[in-house]
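Good morning, and thank you for coming. I would like to take you through one structure, with the sequence and the model in view.

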Amino acid sequence: MTATHRDAPTAAGSGANATDRFKSDKTTQGAGTPPERVNLLAREVLSAVHETIRRHKVTYEEYNALKAWLIDVGETGEWPLFLDVWVEHVVEDVATEHRQGSRGTIEGPYYVPGAPEQGARGSVPTRADEPGTPLVWTGQVTSTDGPALAGAKIELWHADADGLYSQFAPGIPEWNLRATFTTDAEGRFEIHTIRPAPYQIPTDGACGKLIAAAGWHPWRPAHLHVKVSAPGHELLTAQLYFPGDEHNDDDIASAVKPELILEPKPADDGETVSYGFALDPVRN
Ligand code: MBD
Ligand code: FE
């Protein structure tokens, strides 16, 4: 390890970065939600909280512990992490239930738009001594209407062999293990990367405190994140997993689906895998 104590990854560090990222990319504050809908949703969420308090006779001590913890979530910048781990999977289910094409799953807190373009065949940016098993991934992007999609974009991002993401953990080059590929005339691509490590939710922040206090585990299985897009088609956000990972069955973020588990094969230098995507046309 070359990391010094000073630049070790911390929950507050990745949390602050994820919070800034969300504010600059995603916040649309209110987004035109009409008052009737805010009223409906806010009332139902609050009554679920009230019901839980009555049913379990929640005490003032517990109420104050909750208040302190919620303050802590904000102070450690962990709202993106908390929501993406424990809430996003249901939003994703609802948003994509009409689709015929490839299944997706949650985005999580660590996507960054604008990763370097590598064409149809190429490598993700890595450090000279990037640890991890080399992985060559080939595939094709098609439309559920049939045709191959030339010029489709595949944005890939994933953790390194220590389970850390560039731009969210310190000391990693900006675009390490992040890239954008564009399919060729037949809709095909070939991506050279490394196998990521399982991801552990930071144990030193508010989410880690909840996990410890509830006796849960902090792990997500190893995964590759992708966004696949083509004109006239719905954006597909997915993650791909590796067979045999002990957390495929109990992902803390509930984001594993059987269709998303790869079937890698051993190769001379690492592994190869074939996996493609079918995108749903936008219907009006
Ligand atoms: C991750 O890497 C991730 O993908 C999700 C969903 C939550 C926390 C960390
Ligand atoms: Fe992730």
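Let me begin with a term: helices here are DSSP runs of H or I with at least four residues, numbered from the N terminus. With that in hand, please note that what you see is a predicted model. Just after helix 6, Gly215 takes a positive phi of about 75°.

Residues 106-280 are 5% helix and 34% strand, with 17 Å between the end C-alpha atoms.

Let us turn to the metal. Which residues coordinate the iron ion, ligand 2? The donors are Tyr165 through OH, His223 through NE2 and His225 through NE2, at 1.9 to 2.1 Å. Along the sequence, these donor residues follow the spacing Y-x57-H-x1-H.

I come now to helix 6, residues 206-214, and the helices it meets. Its buried residues are Ala206, Cys207, Gly208 and Ile211. These buried residues pack against helix 3 and against helix 4, which spans 79-86.

Consider helix 3 first. Helix 3, residues 60-75, packs on helix 6 at an angle of about 140°, and the two axes are 8 Å apart. Helix 3 is therefore oblique to helix 6, because only angles over 145 degrees count as roughly antiparallel. On the helix 3 side the contact involves Trp69, Asp72 and Val73, and on the helix 6 side Ala206, Lys209 and Leu210. By type, the residues of this contact of helix 3 with helix 6 comprise 4 nonpolar, no polar and 2 charged.

Is Trp69 buried or exposed? Its relative accessible area is 15%, so Trp69 is buried, the limit being under 20%. Setting aside neighbours within four places in sequence, Trp69 is in contact with Phe82, Ala206, Lys209 and Leu210. Trp69 and Ala120, by comparison, are 51 residues apart in sequence and 46 Å apart in space, C-alpha to C-alpha.

Helix 4 is the next partner. The axes of helix 4 and helix 6 come within 9 Å and cross at roughly 45°. Helix 4 and helix 6 are therefore oblique to each other. Leu81, Phe82 and Trp86 of helix 4 make the contact with Cys207, Leu210 and Ile211 of helix 6. The residues of this contact of helix 4 with helix 6 divide into 6 nonpolar, no polar and no charged.

Next, some backbone details in the loops. Most residues other than glycine have a negative phi. Against that background, two residues may be pointed out. Leu177 has a phi near 60°, a positive value in a residue other than glycine. Leu177 is in the loop between strand 3 (153-158) and strand 4 (178-182), and at 1% relative accessibility it counts as buried. Ser254 also has a positive phi, near 50°. Ser254 belongs to the loop between strand 9 (236-241) and strand 10 (265-267), and its 42% relative accessibility makes it partly exposed.

A further loop residue is Pro221, placed between strand 7 (219-220) and strand 8 (223-229). Pro221 has a relative accessible area of 0% and is buried. Which residues does Pro221 touch, not counting residues up to four places away in sequence? They are Pro198, Tyr241, Asp245, His247, Asn248, Asp251 and Val256. For one of these, His247, the separation from Pro221 is 26 residues in sequence and 4.8 Å in space, C-alpha to C-alpha.

Finally, I would mention a residue on the exposed side of the account. Glu44 lies in helix 2, residues 35-56, and at 54% relative accessibility it counts as exposed. Glu44 and Pro231 are separated by 187 residues in sequence and by 38 Å in space, C-alpha to C-alpha.

Thank you for your attention.

Conventions:
Residues are numbered from 1 along each chain as its sequence is written. Chains are lettered from A and ligands numbered from 1 in the order in which they are written. This is a predicted model: local features need pLDDT of at least 70, side-chain atom pairs count only at pLDDT 80 or more; totals for chains, interfaces and linings use all residues. Side-chain values use heavy atoms; hydrogens and water are left out. Donors are N, O and S atoms within 2.8 Å of the metal (3.2 Å for Na, K and Ca); water is not among the atoms, so sites may look incomplete. Axes are lines fitted to C-alpha atoms, for helices over the stretch in contact, and angles run from 0 to 180 degrees between N-to-C directions. Helices (H or I, at least four residues) and strands (E, at least two) are DSSP runs, numbered from the N terminus. Angles under 35 degrees count as roughly parallel, over 145 as roughly antiparallel, 65 to 115 as roughly perpendicular and the rest as oblique. Contact means heavy atoms within 4.5 Å. Ala, Val, Leu, Ile, Met, Phe, Trp, Tyr, Cys and Pro count as nonpolar, Asp, Glu, Lys and Arg as charged, and the others, Gly among them, as polar. Buried means under 20% relative accessible area, exposed over 50%, partly exposed in between (1.4 Å probe, protein chains only).
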